[in-house]
Every structure is written in C-alpha cells, then in structure tokens.
Amino acid sequence: MIIFLFASYGISLNAQNWLIYDTANSTTPYVGYSHIQIDTSNNKWFAKAWGWGGRTIRFDIDTIWEDRENLYMGLVFTCRAGAMKVDKENVVWEVTTNNKVYSLTDGPGGYWRYHDGDSTGIPAMNGVFDVAVDHHNIKWFGTNGGLVKYDNSTFTLLDTVSHTLPFEPVNRVAVDKNNNLWIAGGTDGLAKYDGTNWQVYTMPYPAFRTSKMQIDSNLNVFFGLGAWGYGLYKFDGTSTWTNYTTTNSGISTDKIFTVNVDQQNKIWVGGADGGASSFDGT
C-alpha cells in the first residue's frame, strides 16, 4: 500500500498532523533543506538545499535552531552537501557537491575538519561522491578512485589494483543490518562486501545515475535515480529487480532524490515533485 502525505497548515490526514517549521514561526534560518540526519541524542542535522555557500543547521531537541557554520568557523563551505551522515560518536560527515569531505565535531570546542588528498595521503579523497558509517563506526567513502575506508585513525584506499574492489568509480555506498557494505559504481555494477569477499551483481541502468541507495531489514536494496525520472528500483539481494513508477504503482513521483527506511521497515521516498510516499512492501 502506498500512502501519500501532503504538508499544509490546517490539513489533517488520517488524524495525523504535520508541524511545519519556517522562518515565520521559528528561528530556522532557511526554508529549504536537502539532507536530514538524527544523532544519538535526538538532535536533528539539516543541510541547506540551495543557494551559494553550504550551511549546516543543528535543531537541538526540537527547541533551538543553530547555524553550525557561524558557531564553528573552522571552515566555511563553498558548495552544498551532496551526502550527509552522523556517525556513532555524533560526528557529522558531509560530502559536498564539489566532491569534498568535511567533518564536524559538535559540542564545546567543536570544529570542522577538511579531509582531502593532501591531509589523508589518498588522492581519491579529492573526488568523493558518498559516505556510509558501518556498525563499528568505520566510515566508507565512495570516490572516483575506488573505495576509501577510515577506521577513525587511518584512511585506506581499496581500489581495483591494490585490492579486490570489483569496479571503479564508486558512486554510492550503504551498510545493511548484517554490516555488509554495498557499493554501486563502474558502468552498471552493484557489489556486496562482507569484509573479506565481494559478490557482484549487474544493475539494469548505469550506476552513476543512482542518487540514493538504502537497504531495509529484509536486505532489499532500494535505489532512487533523482532527476533521471526512472522511479524507484528494488533489488531483492539475490537476483530480482523491481521498478516502481507512477504508471505501474501508486508512487507519487518518478524523480526520487531520497529514500529511507523506518523502524517498521516501511520505505519512505521524496522527490522533485509529488510530495512524499511511503511503501509497506506490498
């Protein structure tokens, strides 16, 4: 079943209300955000959606909005966030739209750090597309030169020459409930890494077109293809691909920019139009 959700003042759907925060009724500095993450203290982290200069906003337990670019002036972004994750120590990791990586240590004395080819010793860190955090708080970066692993002390490159990486570049990365790492990249490659071996699958579309990859608790892998307008793809982790579009399902848009899974294993998607949709698997 697909459920459509429409946000508007005074409108209630199925006895549930949307609470809207904007610049008129709150201290949020913007009305457009492209990424949302929630840390272990239930703080919400937002990345600005458009306009020159990337901004990161912290919503402190639903009461106080704070601009982390103004408070933590170690760095000021020149581009927006292309990917965003908060790790298990509440460090915010952002990959910007010019393929650079920044991390923010929050709290008293918090600061931004910049991670590039010079600071890490890995030239591939000058061209990063995505970031994932595994169950051991290891960070994984998909780059134009392969996969980069950061174990909180050392950056290590896994590529097709020095490692058994099956393809380059790596455009998207995600971690499943069993701590397997999934990557999409190359021409049309999808692969799962269990820490020792790679298992490779073929995607039905060019991998670089993937804007978002998310995995549910049944190990189904979901793909949004953004402005390409191909709808939502699902891979069952073995052999079967399913494509949900506005013509063959009740999904609200074919331009899927974000995909996530809630605690009930329901899939939530959002796109360039059509509002948000949720999918219970049937």
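This is a predicted model: local features need pLDDT of at least 70, side-chain atom pairs count only at pLDDT 80 or more; totals for chains, interfaces and linings use all residues.
Student: Where is Pro169 placed?

Tutor: Pro169 is in the loop that runs between strand S15 (155–158) and strand S16 (170–175).

Student: Is Asn90 buried or exposed?

Tutor: The cut-off for buried is under 20% relative accessible area. Asn90 has 15%, so Asn90 is buried. Asn179 has 22% and is therefore partly exposed.

Student: Now the strands. How do I read their pairing?

Tutor: Strands of a sheet pair through backbone hydrogen bonds, either parallel or antiparallel. Strand S5 (residues 44–48) runs antiparallel to S6, and four bridges join them; Lys44 has Phe59 of S6 as its bridge partner. S6 also pairs with strand S7 (residues 64–67), in the antiparallel sense and over four bridges. There, Ile57 has Asp67 of S7 as its bridge partner.

Student: What lies between S6 and S7?

Tutor: S6 and S7 form a hairpin with three residues between them, and Ile61 in the turn has a positive phi of about 50 degrees.

Student: How many residues of S6 are buried?

Tutor: Five of its five residues. Both faces are covered, with Thr56, Arg58 and Asp60 on one side and Ile57 and Phe59 on the other.

Student: What is the order of strands in the open sheet?

Tutor: This sheet of four strands has the order S20-S21-S22-S23, with antiparallel pairing. Strand S20 (212–215) and strand S23 (241–244) are the edge strands, each pairing on one side only. On average, neighbouring strands of this sheet are turned by 20 degrees against each other, direction ignored. Look at strand S22 (residues 232–235) as well: four bridges join S22 to S23, and Tyr233 stands opposite Asn243. The hairpin of S22 and S23 has five residues between the strands, and Gly237 there takes a positive phi near 85 degrees.

Student: Last topic: aromatic rings. How are pairs described?

Tutor: A pair of aromatic rings is described by the distance of the centres and the angle of the planes. The whole structure holds 24 aromatic pairs. One of them, Phe46 with Trp65, is tilted, at 5.2 Å centre to centre and 35 degrees between the planes. Phe46 lies in strand S5 and Trp65 in strand S7, so this pair ties together parts 19 residues apart in sequence. Both Phe46 and Trp65 are buried.

Student: Why is the pair of Tyr205 and Phe223 edge-to-face?

Tutor: Planes over 60 degrees apart count as edge-to-face. The planes of Tyr205 and Phe223 stand at 75 degrees, with centres 6.4 Å apart, so the pair is edge-to-face. Tyr205 and Phe223 also belong to a cluster linked by ring pairs, which includes Trp182, Tyr201 and Trp241.

Methods: Residues are numbered from 1 along each chain as its sequence is written. Side-chain values use heavy atoms; hydrogens and water are left out. Helices (H or I, at least four residues) and strands (E, at least two) are DSSP runs, numbered from the N terminus. Buried means under 20% relative accessible area, exposed over 50%, partly exposed in between (1.4 Å probe, protein chains only). Two strands pair if DSSP finds at least two bridges between them. Axes are lines fitted to C-alpha atoms, for helices over the stretch in contact, and angles run from 0 to 180 degrees between N-to-C directions. Rings of Phe, Tyr and Trp (its six-membered ring) pair if their centres lie within 6.5 Å; planes under 30 degrees apart count as stacked, over 60 as edge-to-face and the rest as tilted.
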